Every structure is written in C-alpha cells, then in structure tokens.
Amino acid sequence: MATSFLPVLAQDDVTRAAQLIQQSYAPQVSSDEQRLLQQELFEIQRRPEAWGLILPFLSHTDSSVQFFGAHTLQVKIARDWDSVPEDATTQLKDMVLDLTGRAVVAGQNKVILRKLFVAITSLAIKLHPGNPSRWPDWLRSTINILSGMGVPPEHLLDFLSIVAEEMESADLLPPSKAQMQATLASAEPMVVQAISTCIKTPELQRSSHELTSALKCLQAWMSVLPANDLTPLIPLLVSLMIPKTESPSPEYDEQAFISASDTLQELLSSSALSDGAGTKTVTEPLLLWLDRYGNAIVQATINNGFVDDISHSLCKLLVALGDHSAMYFAKNIAAPARVSSPPPCPFPLPSSLPPVSHLVQNFLRLLLAYTALSGYYGIDEDESEMTLSFWYLFQEALWNSDYGFDVAEDGDEGQLEVERERDMMPVAKAVYMELVGVLRKKVVWPSRAVFNGWPRGEYQRDKFKAYRRDVGDTLINAYYILRDDMLSFYVSDTLQRLTARQAHEEWNEIEATLHCIMAVQEAVPVEDSPHLRQVFGPEILGRLPRTGDDRVRTTALYLIGDYASWFTTQPAQGPQSPTPSPLMNAISYVVSALTDSSLCLFAANALRDLCDANRTALAPHISAFGELHAGLTGIPDTEKAKVLQSIASVIQALPPAEEITPIEAIVSPVVSKLFEALQSANQASLPDEARATAILQLETLTGVARGLTRVTDSLLALDDSPDVQAAMEEMARARADPRVIKLREGILSAIRSAVELWSIDATVTDGLSDLFKAITALPSDLTLISLPAAPLLELVCLAAQRQLTAVWLSLATMLIIQLNPPSLVPTTFKSEPTSEASEVALKVLTILLRTSLSAFSQPGVMISNPDIVQAFFGLMESFVHHFLPIFYRLPPDLFNALIQCAISALSLQERYSLTSSCTFLSVIVNRTATNDELANAKTTFAEIHGIPIMRAVLFGFAGVAPRSAMPNLIEVLSTLITRYPTESKVWMTNILFADDFYPCRANADAKNKFIKTVFGSRSLKRTREAAQQFTLVARGLEGSSFGYATVSM
C-alpha cells in the first residue's frame, strides 16, 4: 500500500503513543493519572505528523490501540483536512477503503469498524461536493469496492447505516448538502434491495446479526426513503413478527420480533409515512396483525403477571401506532364499514374481513390492558406509564375528527354531527369510563406493609408520585370526554367505599379516588355542581378522618385548596345558619389539621387559598377568625404567616373602617415580636435565634400585606368610576385614623431597624424584599398598612451602600415606579411627577449611581456579577422612563461616568448584562432626543458620547461582543442613526476606516457596503440585514452554514 504521501512520525513517538493508550486502559490507573495520559496522547494526535499513527496502530495486536488508530483517521479527515496535499486525496481515499476492507475481513471489533465507516463518510463529505466532483458516485463505488474485498452483507449494511446517520448531522452549506443528499437518493434502490433480500432470506440461511444490521440500516434510512420505497417493506417487517407455529401458546423469534417492532415504531414516527399517513398500508395491516396475534400476547402477559421482552416491545408498538393513527381511530371507533381492499399481509386473513370499528376497538382494548397492568408502577411494571400519552392524543382527535361514516352513502353531510353524537361518542365515553376506573386503581398507594418492603423506598416513592401526577394529566383529558359523568363515577365510588369500609382498614382506596377528583380540578368549570357539593358536604368530607392517617388527610387538604375558587359558586351563609355550607365544612376540616405538625403546612396553604378566593362570603364569620387568631398558640410558627394571611384576606372584605381593629389585633403582636428579636440581637445573647425569629416575623408581615391586597383586576387602577373613587376615599379616611398611622410607623421603624442590623444577610434581605413588594402599592390598591415609596427608597439606599446586590437595585426599580404612579384617569400623555417625587428620585439616583459605579470600577466586578449589572441598568432604564430630566441635573462627571459604564458594558460577554446596557442606552438616547425641553442636552450628549457609543457598537459587530447580542447592538445602532443621522454617518465612516479599528476580516469594500446600505434607507430591517452581513464578514463566517444558521434575527 503506497503511503508515501502521509507525514512520517518518529518510531519512538509511535511506540510512546501506543504505551499511553495501553496504560490509560490499565485497571490500576487512577482517574487523575488517566487524565494526564489522555492529555499527552491528545497532544501527539493533534500534531501534523500524527497521520503517521494510523497504519501502525491499525496493524497493532491490541484492540484499544487499533481503535485509536481508526479514531485518529476519522479526526484527521474531519479536522486537519487542510494538511492533506491536493494531489494526495485519491491516494488517501484508496488507502482508507483498503484499510477498512482489510479490517472487516480480519474480523476486527465493530467499534473499530464503525470509526472506519465514519472516516469514509467524512472523506466523502470532503471530496464529493463540488463541480466537478472529486469522488463521483462515491456510495455505490464504495459498496462495490468493499464487496469485492469480501466484506459480508452484514457489514455493508452497517456501513450504509452510518452513512445515513452521518449525513443527517453533517454541517454543510445548502449546495454541498444537496449534492450529498443526491447520492443518498441515487442509492435508495440499492439500499432497499439489500434490506429486502436480507429479510426474505430464510432464517436458517442468514445470521441473526445480519438481520439486526438490515433492520438498523432501515431505521437509519427511514427519514430518507420515500413512501413508495417503504410500503413494500411493511409486509416483510410484519412477517418477522409471525409466530413459528400457530398454537394457543405461540412461539416467536424474539430477536427478529423486537427488531421488526423497533423498525415499525421508527417508521410510524420518523418516516414519510408518519403523522397519520398511510393508514391503508401501515395502520390497517398492523390492526389486522393485532387482531390475529396481539390478543394472545397480551392475554399471556395478564395470565403470567409478567411483561416479557416481546410483550414490552408490543406495548411500545401499540403506543407508536396510537401516536401515528389517533385520528384514524377517532374517525372509525364506531364506523360500520368493513376493511376494504385488504393490503398485502404475510399471514392468512379471514374470509370475511371484520369491520374497521372492531379493529379499532380491539386496539383500544389492548392498549388499555397495558394501562391496567396489575401491580404498582415502577415496582411490578413499567409499561402502564408508556400508554398515558395516547389518551391525550385520542381525546384531541375525538374533538377534531370528522366522523368516519361515508358522506356519499348518507347523502347528507349535515348528518355527520348527529351521527357523531349518536354512534361515536357513546363508544368513546365507554372507553374513557373504563380508563378512569383503571387509572383510579393504578394510583392507589400500597399498604404500609407492602410499601415498607419496596427496595430503594424513597426513590420508588418519588417515582410513584410522579406517575400519579402523569395519571392526573391523563384524567384531565378523560374529563373533557366524560364531564359530569366522571365526577359522578368518582363520587359514587367514594360513597360506596366509605359505606363498606371497616374500622381497621387503611384509607388508601378512598385517597386514590380523592386524588383523581383533585387531579381534574383545572378542567372542572367554576360553576355549581351537585357532585362537588357531595364531596365537600357531610356525605364525604364530613366522614373523612380528622386524626391519624396522614395521606388521606393530606390529599383532602390539597383537594380543598385546589377547589378553593369553586366555593364562590355556593350561596353565602351567615354564622347562625343551622346547616353549614360546603365552604364552612371545608374551613372546619382545614382548621382541624392546623395543629397537626405533619399536616399544618398543607392546612395553612389550603386555608390561605380558601380565604383568598372567598373573602366576601367569609367576612360575616370574622369573629370565628378572631377565635382562630387567639388559638394560634398550637400552630407551628413556620405556618402562622399563612394563617394570618388567610385571616387578613377575610378582613380585606370588610369596609376599611371596620378593618382597623382586627388588623391592629393581628399586626401589632407581630411588630412587637420583630422589635424583641431586633433588641435581643443587639444584645448579642442569641443572635442566630433572634435572626430566625425576625425572619419569621418579616414573613408574617408579608403574608398579612398580601392578604390585605384586594384580588380585583389591577386594570381598575385606570378606572375613574365613582365606585373606585369612593372606595379610595374611604380607604384614605381609614388610613388617616391615628391607630393606623401609629401601626404603619411601627412597621416602618421595625423595617428600618432590620435593614440597619441585617441588610448584608442574604436570608433577611430576601425576607425584606418580599415584604417591600407586598407592603407597597399603587394608589388604587392601597391597604391600611401600605407604606409610601420614599422612606423605603431611603432604606434601599442605606442597604445598597453597605452591600450592593441585585435585590436592592430591583427593589429600587419597583419603588421608583411608585414614586410616579399612573394617573387614575386615562390620558393621552403620561402625568409628570411632582416636584417632591423628583427631588426624592434625584437623591436616590445620586446615591445609587455613586455606590454602583464605585463598585463597578473595581477590576472584574462587572464580569463576575452579571445579575447586579443587569439590575443596575434596569433601574437606570426605569429612571429614564419616569424621571428623565433629573439625569441632566446630576453632576456632569457622574452622568458621564454612567454613560461610560454603559459603553464599557457593551463589551461584556455575559448576554444579560450586555443587553440591559444596550436597552438603557437606546432608551436614554431616544427619550432625550424626543424631549423638546432637553434640546441642549441632546446636542451635548451627542458631542460627548456619540462617538464612544458608535465605536463600541461597531467593535461589537466586528468581534468584541457575543453574536447572541447582535439584535441589541443593532437596536442601539438604529437609535443613533434615527436620532443623529448626519453625525452618525460621519462617526461610522471615521471609526470603520480608522487604523485602530478592531482587527477583523472586513475589508474596505465590506465597510463601504455596510455604510451605504445603512444610510441608503435607514429602515430598521435594512439596518439589521446590513449589520448581520457585516458581522459575518468581519468574523470570517460568511459562506459558512454555521454563520448563516446562527444569524440572530
């Protein structure tokens, strides 16, 4: 074999590389030593002379060394192609084909052969595209050469598989990709013939490996082959799933069955016959096969209580067929027509073909049998979960299908809907009714004795809980078919089980039914329902345990919380009503669980949801909530915040004047405890306990503030109706009450002390952040304890000066908006902030600017703290929107430092930091230029900052900024061009043609074209296109598929 064209590697280096490979595979080598060995090996491989490793390694006796030789060949062709002389490509091709043929004939490992097959394909990708091609008809010629060297069909099929896989993932420009795909198309007859021949070969005359290779080849080519090539293969594939003998207990060739099933699954999901195509050629033959053979396999599975490999493969095939043909099944679930023009089938068909509806219903029975497999998912079986997705697709298809009766026979298309409801939906409802019963059984938890015997108990428990959630999603689809019938079924089931239950029995069966009712909550309309009245009445909720069994009580609490909004459909009842309403039944059940340490979390959540959704209905019962507040001593401190939030929700439904006393009663103790914690922390007796107590009180205040926030639509903030005005005036009078003023002063004082003491503590900071968000509001949403923005901004500045974090900057952004809230009356123009608000904003801006810019001036701070950078520019943008003029009242050096900071951020590699600075610059340029009162500022801004901004943007295009940020830089460029058109053209020309422009591959023609295109139209679209093209040219990506495929639009 002539190899003189290859670089030569010194023999010592070849020997050393082989030793490195063998040492790295030695069992006694540690991971660190292995890493060092592989690094040294990699350094040898990347050298230009490493081509010299290929021949000695492939002829080595050690298979690990052989593998590395094949791997080196693949890597060198793919990555170091430029090192191959142009006149040596033919010799290289001949060498690669010869090495591969010799390796196959020598019986080398398939892993090594795979590397060599990939190398051939990589070589073809380099040589075939082009005009003229340097390797025309490469695929056929390769097959002929390898076949002539004695390579058996099994390995030829393996090679064809790899060709298809590599072509699918190849990174090629469209013309080259088209040429390569054309070679695949021309080879399709050859591939189909090879596969067909293998399958048709009698079992005794072919190896099992050859059949596996043929079917894997077909799977790899599935997305390439057209439908007319696939259709003749379907009977052949089905023939592999026919039992060896027809008997009550048929015996299958397991390997052939599973491989054929896998191939059919691929055909159903990823071929030209996928997505419901080919029902006559794919769906009906498989349905006929299922009718003849599938039932026996499933029945054997049920009888044995075990899913063997063939049964598991059948389940996967059923699921794939269901995904493919859901619409066909929906159309034909009750259609009377028989199968007409039967497709070719490799098994005997009955003389009278069955109705299509029989085949569809048989399919549904088989799939439902796998859904209903006995035992617990994850322990006894894994197949039931695989079937769940079908029931969603089938429900969607039932909704969207045109019923399968032949319109021409009936002569009246208008009868379709009538026939649909008359014939199709009863069958569909029967199927889904059976499904909901099956799924109820599948989600029953095992008894304690069984559960304790599960291996890996915690893992299996989590897996089973995830399965129950997935079942819940499927039940929602069933509800859309069954509606009230489903609730009726589950309610009746629960009542029967409650009646039949013995005192010693566990509650798992009843818990499973309650779980199913809970799972469909999001689909159940918020309207009166007799079935839900039963659930939350004395018949069911009143008979559930209030002590003991935690699981059924937990599910009941979840159920109540999920259906919290449903209770609003029930008539309100006063405290003196002789029969409690469903709402009060639920409240009573929830409150009874609050003192149970294992349930109080779920109970507190449910109570919060109930009270939040039913404020008005619960307001008359405020005295009962007062008693609940008085009895909070038995409730863990961690859940008191939610309970107090619940009580506050009810209080909010009262007139503002009547809120004062109960709010004072629940808030004052919390504020007192917060002061006590702060005082004890100052004394340094138990600082950690004091801190934990303070955090708890902050969370409680947050909960109360959230509870007091009304739940009406925030759009009412722009409603000038008399009712809203009257409500605001009423709230203003109540807020002016001395007791409320004192309460707010106490809250603010406590917050101030907490900030002064713990503002650098992350957990306390999070607690304060949540409280700030909850206790502030726009004018139309003020509550009795809402605090004004100005004093809180002062605290934010204090905290930021101590430790600058994204939390404090984000809070400042929120509070700045509240300093200049939207007008209650909708107007065309945004209202101007008051002079007092502007002064506060100027003070806050000055402090936060000095603090932030001082921090950012330290080396590496902006790079290592992208969250702070993003929050900072977000805050600056908010200032621009609400208080633009104050920027031009700043000391000039401070304002210039801000703009310079934003410009420097344009070179950051972290995308969110960069995009936030782009947005800020675009907004401040735009709003300054369009504000008539800032005409002088506009001119000054351009003189000082125009060139630096333009320079940063153009440098970003050329390579400084990541390409993902191009749309943002384009926005800044467009803004500059729009607001400063004349100046921008001068700036752009001077910067692009300056000697110190960022080194890139854009020549003078590319730069001139960029300028001409941008200023030729000045439209955003043309600017975007020109900037993207310039970016590709400047970065050397023009003409590459990667460059065009990753253009950011």
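Q: Where is Arg483 placed, and what counts as a helix there?
A: Arg483 sits in the loop between α21 (457–482) and α22 (484–500). A helix here is a DSSP run of H or I with at least four residues, a strand is a run of E with at least two, and both are numbered from the N terminus.

Q: What kind of model is this, and how are its residues numbered?
A: It's a predicted model, where local features need pLDDT of at least 70 and side-chain atom pairs count only at pLDDT 80 or more, while totals for chains, interfaces and linings use all residues. Residues are numbered from 1 along each chain as its sequence is written, and side-chain values use heavy atoms, with hydrogens and water left out.

Q: Why is Arg483 called partly exposed?
A: Its relative accessible area is 37%. Buried means under 20%, exposed means over 50%, and partly exposed is in between (1.4 Å probe, protein chains only). So Arg483, at 37%, is partly exposed.

Q: What makes the phi of Arg483 worth a look?
A: Phi of Arg483 is near 55 degrees, a positive value in a residue other than glycine. Most residues other than glycine have a negative phi, and most peptide bonds are trans.

Q: How do you know whether Asp275 is buried or exposed?
A: Check the relative accessible area of Asp275: it's 72%, so the residue is exposed. Asp275 lies in the loop between α13 and α14, and this non-glycine residue has a positive phi of about 55 degrees.

Q: Which kind of peptide bond runs from Asn131 to Pro132?
A: That one is cis, with omega near 5 degrees. Pro132 belongs to the loop between α6 (110–127) and α7 (138–148).

Q: Why is α14 called roughly parallel to α16?
A: Helix α14 (residues 279–304) and helix α16 (residues 356–371) pack at about 25 degrees, with axes 10 Å apart. Since angles under 35 degrees count as roughly parallel, over 145 as roughly antiparallel, 65 to 115 as roughly perpendicular and the rest as oblique, α14 is roughly parallel to α16. The axes are lines fitted to C-alpha atoms over the stretch in contact, and angles run from 0 to 180 degrees between N-to-C directions.

Q: What residues are in the contact of α14 with α16, by kind?
A: They divide into eleven nonpolar, five polar and one charged. Ala, Val, Leu, Ile, Met, Phe, Trp, Tyr, Cys and Pro count as nonpolar, Asp, Glu, Lys and Arg as charged, and the others, Gly among them, as polar. From α14 the list includes Leu287, Asp291 and Gly294, and from α16 it includes His358 and Phe363.

Q: Why is Leu541 called buried?
A: Its relative accessible area is 4%, so Leu541 is buried. Leu541 is in the loop between α24 (530–535) and α25 (550–562). Leaving aside neighbours within four places in sequence, Leu541 has contacts (heavy atoms within 4.5 Å) with Val535, Phe536, Ile560, Asn585, Ala586 and Tyr589.
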